[in-house]
Amino acid sequence: MVDLRAQANEGARDGDQFGAWQWKTTLANIINRQYNDRCDLDRPFVVGISMSGARDARTVYGRILENLGSPARISHRVNDRETLVSRLLRNVGCRLLVLDEVQDIMLGNEREQQRALEGIKFLMNELQMHVLGFGTDKAFQGLASDPHLEARFTESALPGWRADSTLANFLATYERCLPFPEPSHLGREEIVKYMARTGDGILGKIVTRLQNAALAALCEGERSISLSQLEAAAMRPAQCAIRPKVKS
C-alpha cells in the first residue's frame, strides 16, 4: 500500500508543489514512478498522460507518443498515430495507461467527447491494456457517456485530509519552504484543526489559504504567519498590496 499523504509531505519538502496540492495527480505520479523504478527506463510498464484539453483521439495518441519520446508529426492522420501508438506501446511492454484530468473530457461537445473516448477504447480493445483514470468527482461522468467504458471502469473516491498527525506533518513541512525568519508553528493543534475544517479536507484549498496568508503576512512586514492571518486569508491579497514599492 502507498501512503499517499506521506508522499505529499515528501512532495512539499522537495518543492513539488503541483504534486503536493493534488492527491489524484500525486497518486498518478507515484504509480508511474514506482513501476518505472522496477524496469529499464526504455521499457516502461506505465505510460501516463493528461486529458486536459484532449478533444479527440488524435490528441490522445499524440500525447502518448510525446510521453514515449516519439513526437507525432502534424501531418500524421489519426490512423497513422493509432498504428504508431499501438506498435510503440507493444514494443515498450506497457501494461498500464494512466489518464489524469479525466473530467476535462466533458468540456468538449458530444462529438469531441466521443472521439476522445474512442481513442481510449481502442487501446483497451486492441492492446488488452488496463487503464487507470484520475479526476474530480465529475470524471466518471465523462467515461460513463460511453456504455462500453462505463461497464469497464469502477469509481473510487480518495479520502479527504483530516485533522491528524499527517496533516500536521504536512503543514510543518510546508512551513519550512516559506520565507519567514521566525517559526509559524503551523503544525500545532489549533491550526491543524482549523485548516482541516476550512479546507474541507481538500489539499488544494488548504495550500491556497496558506499562500494567501503568507502573502498577506509578507505585505504587512510580519515575521511569521498567525492563526488570525489564516482566518482572514479566504482571498488573495490585492495586487496593489503585493506590488514592490518604488523608491522615490
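**View 1. The salt bridge between D80 and R77.** D80 and R77 are joined by a salt bridge, with 3.5 Å between the closest N and O atoms; the term stands for a side-chain nitrogen of Lys or Arg within 4 Å of a carboxyl oxygen of Asp or Glu. The model is a predicted one, in which local features need pLDDT of at least 70 and side-chain atom pairs count only at pLDDT 80 or more, while totals for chains, interfaces and linings use all residues. Residues are numbered from 1 along each chain as its sequence is written, and side-chain values use heavy atoms, with hydrogens and water left out. D80 is partly exposed, at 31% relative accessibility, and R77 is exposed, at 57%; here buried means under 20% relative accessible area, exposed over 50%, and partly exposed in between, for a 1.4 Å probe and protein chains only.

**View 2. The salt bridge between E126 and R90.** The side chains of E126 and R90 meet in a salt bridge, at 3.5 Å from N to O. This pair links distant parts of the chain, since E126 belongs to helix α6 and R90 to helix α5, 36 residues apart; helices (H or I, at least four residues) and strands (E, at least two) are DSSP runs numbered from the N terminus. E126 counts as partly exposed at 40% relative accessibility, and R90 counts as partly exposed at 47%. In the whole structure, a search finds eight salt bridges.

**View 3. The largest nonpolar core.** The largest nonpolar core has 31 residues, and among those with the most contacts inside it are M51, L99 and I120; such a core is a set of buried Ala, Val, Leu, Ile, Met, Phe, Trp, Tyr and Cys residues joined through side-chain atoms within 4.5 Å. At least two residues of this core come from each of β1 (46–50), α4 (57–67), α5 (78–91), β2 (96–100), α6 (110–127) and α7 (139–144), and α6 gives the most, with six residues. When neighbours within four places in sequence are left aside, I120 is in contact with M51, L99, I105 and V131, contact meaning heavy atoms within 4.5 Å.

**View 4. The aromatic pair of Y61 and F122.** A search of the whole structure finds three aromatic pairs. The rings of Y61 and F122 have their centres 6.3 Å apart and their planes at 75°, so this pair is edge-to-face; rings of Phe, Tyr and Trp (its six-membered ring) pair if their centres lie within 6.5 Å, and planes under 30 degrees apart count as stacked, over 60 as edge-to-face and the rest as tilted. Because Y61 lies in helix α4 and F122 in helix α6, the pair ties together parts that are 61 residues apart in sequence. Y61 is buried, with a relative accessible area of 1%, whereas F122 is partly exposed, with 22%.

**View 5. Helix α9 and its surroundings.** Helix α9 (residues 165–175) is mostly covered, with eight of its 11 residues buried, including L167, F170, L171 and Y174. At the start of α9, a side-chain oxygen of D164 reaches to within 3.2 Å of the backbone nitrogen of T166. One aromatic cluster is formed by W161, F170 and Y174.

Notes:
A polar contact is a pair of N or O atoms within 3.5 Å; within protein, one must be able to donate a hydrogen and the other to accept it, and residues adjacent in sequence count only if both atoms are side-chain atoms.
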